[in-house]
Amino acid sequence: MNLKKSRSAGASSPLNGIGKQDADSKRKRKIAEINQALNAVPVDVAALRRMAISEGGLLTDEIRCKVWPRLLNVPVESIPEKLEEVQRENNKDYNQVLLDVQRSLRRFPPGMPDEQREGLQEELIDIILRVLHKNPQLHYYQGYHDIVVTFLLVLGERLATALVEKLSTHHLRDFMDPTMDNTKHILNYLMPIIERVNPEVHDFMQQAEVGTIFALSWLITWFGHVLSDFRHVVRLYDFFLACHPLMPIYFAAVIVLYREDEVLECECDMASMHHLLSQIPQDLPYEMLISRAGDLFVQFPPSELAREATQQRSQQTAASTFKDFELASAQQRPDTVLRRRKREQAPLEAQPGTMAVVQPTARRFVRLAVMGLTVALGAAALAVVNSALEWAPKLDLQFFP
């Protein structure tokens, strides 16, 4: 797969007017499909995931307020109207949280009045301390606030508190352990993905001994800390919330692969390479990279990479402990079928060569959506039991002809 930069992107066309009409039509059609999925009984979570993954994501913050809770299986009606009071005095995390929040000015919209921003910063502190107090097994890390502020700006304090708590005890839990062992394990998936796609880039990076620490802030903030345009941040959050918990590391890989020419032209030493890679260009073609990250996940699922990413840690990651993520209910059919299949038959052997074929766009979105729906299996379980392709094709035929 060639992930080099496209030289023809951005070319003008005399058909731009027609293109805008087509884009408006697609947008209206997508909004209608999202509303249809939300109004279905039960809510069609699989369709919502497909909408979040596909081009443009969920389009507006108003829609995200309705869909993000569904993607995280948070029943909005059960969220208390009044949030718990936060005790800041004698809180072991308060001072560090305060410092990080005070340094987060650029995460707020340009031109926002100081009074409004300061009020949101106070709410940001309260959300973080509230979640940590309720879940003492979680440990604050620098960068956590970059994720929380995104949810706050999109959802408001009440809804953000509930979703951040669910996210923290699932997708982000590895980053909130007492040590960074599990975080390092997840970073270890990066180089095997790059090696599969472009051995030359992989070998050059290995020779430079750059490691993977350049991608740490990308991973633990879901890129919120390193992207300046809030639209790009929420677009990625749409994608990540709809997919497997390891998808951010696949997206990190496609960024590196997209910058192939820059990497290979860089001085082959750790300092130069780290400096280059740690600076993410702000004009990335996000939709293309999202699509290609999905392709790579389907081609090279965690099961294929786990041994190289170190098997010893694979059973301990948060992606393997989504016990309450066995779908919103037993009525969500893809997960029900998957669990039934696991009982009825032993895991199939992957057919040689099947991982190297890029799936058609529609089926790729289906596969990624189904993978998101079945996160109860998690990264480690997929790594040692099944690859997604062993069951997704059958689901395609049954539910998404």
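Student: What counts as a helix or a strand here, and what do residues 239-258 contain?

Tutor: Helices and strands are DSSP runs, a helix having at least four residues and a strand at least two. In this predicted model, the span of residues 239-258 is 80% helix and 0% strand. Its end C-alpha atoms lie 19 Å apart. The unreviewed UniProt entry lists these residues, together with 365-389, under "transmembrane region".

Student: How many helices and strands does the chain have?

Tutor: The chain has 21 helices and zero strands. Of its 401 residues, 53% count as buried.

Student: How many salt bridges are found in the whole structure?

Tutor: A salt bridge requires a side-chain nitrogen of Lys or Arg within 4 Å of a carboxyl oxygen of Asp or Glu. The search finds 18 of them. One of these pairs Glu122 with Arg88, at 2.8 Å from N to O. That pair links distant parts of the chain, 34 residues apart: Glu122 belongs to helix H5, whereas Arg88 lies in the loop between helix H3 and helix H4.

Student: Which residue meets Arg259 in a salt bridge?

Tutor: The partner is Glu262, at 3.1 Å from N to O. Arg259 is buried, with a relative accessible area of 4%, and Glu262 is partly exposed, with 24%.

Methods. Residues numbered from 1 in each chain as written. Predicted model: local features only at pLDDT ≥ 70, side-chain atom pairs only at ≥ 80, totals over all residues. Heavy atoms only, no water. Buried < 20%, exposed > 50% of the residue type's maximum accessible area, 1.4 Å probe, protein only. UniProt positions renumbered as here; feature names shortened; annotations may be inferred.
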